[in-house]
Amino acid sequence: MQTQDRPISVSDLAYPSRSASVSRTTGETDVQVSLNLDGTGRCEAQTGIPFLDHMLHQISSHGLIDLEVRATGDIEIDDHHTNEDVGITLGMALHQALGDRKGITRFGHFVAPLDESLVQVALDFSGRPHLSYGLEIPTQRVGTYDTQLVREFFVAVVNHSQMTLHIRQLDGLNSHHIIEATFKAFARALRMATEVDPRRAHLIPSSKGVI
């Protein structure tokens, strides 16, 4: 009997659940993040920072990650602590969901256009945190969001997920477009890197045998 070719899924490989729920509470913030790497892009984000919620939806939608983020923080001071701690907690959840990183593709890259903006992202779940950040955002704010916080968000994600991340702005004039293209490119690179490689679905993707 002939069967139609289709992509190999996690369930075909009897791969364990790749989901995580992490809570982080400090004197400044209270953050809960739940995610499923093998989702459909369902997202609920309530951080008290509307622009950050919008970017979290980009990660979920274009990364096909089911994501729930709830945060309260001292935004009466500014958005810095909440923005950073959401990044920290998301990074922790990614790290937990990936476990020993067995079976993943590990590397991901994408170039995302958004009108006049073009942003390239390359990442590696290497176990070695590193961020190379090349955005030149022309305005200090998008709405009420301080655009300096984009870098702080990715620093937090990188350090706590233990990934290497390179972000390059190839073109762009509009601050909103540059940032959104970055999050979309990150989401697609993340999706690529975390997908199961069927050729070594039960092996750690490193010549050292460990990440």
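Which residues does L123 touch, not counting residues up to four places away in sequence? In this predicted model, L123 touches R106, F107 and G108, together with M163, T164 and L165, and also F186, A189, L190 and A193. L123 is also among the residues with the most contacts inside the largest nonpolar core, a set of 54 residues. The largest share of the core, nine residues, is contributed by helix 4, which spans residues 175–194.

Helix 4 also packs against helix 3 (residues 149–161). The axes of the two helices lie 12 Å apart and form an angle of about 15°. Because angles under 35 degrees count as roughly parallel, helix 3 is described as roughly parallel to helix 4. The crossing of helix 3 past helix 4 is right-handed. On the side of helix 3, the contact is made by V150, F153, F154 and V157; helix 4 contributes I179, T182, F183 and F186.

A polar atom of the Q169 side chain lies 2.7 Å from the backbone nitrogen of E136. Leaving aside its neighbours within four places in sequence, Q169 is in contact with L118, with the run G134, L135, E136 and I137, and with I178.

Methods:
Residues numbered from 1 in each chain as written. Predicted model: local features only at pLDDT ≥ 70, side-chain atom pairs only at ≥ 80, totals over all residues. Heavy atoms only, no water. Polar contact = N/O pair within 3.5 Å; in protein donor to acceptor, adjacent residues only side chain to side chain. Contact = heavy atoms within 4.5 Å. Core = buried A, V, L, I, M, F, W, Y, C linked by side-chain atoms within 4.5 Å. Buried < 20%, exposed > 50% of the residue type's maximum accessible area, 1.4 Å probe, protein only. Helix = DSSP H or I, 4+ residues; strand = E, 2+ residues; numbered from the N terminus. Axes fitted to C-alpha atoms, helices over the stretch in contact; angles between N-to-C directions. Parallel < 35°, antiparallel > 145°, perpendicular 65-115°, else oblique. Left-handed = near helix turned anticlockwise from the far one by under 90°.
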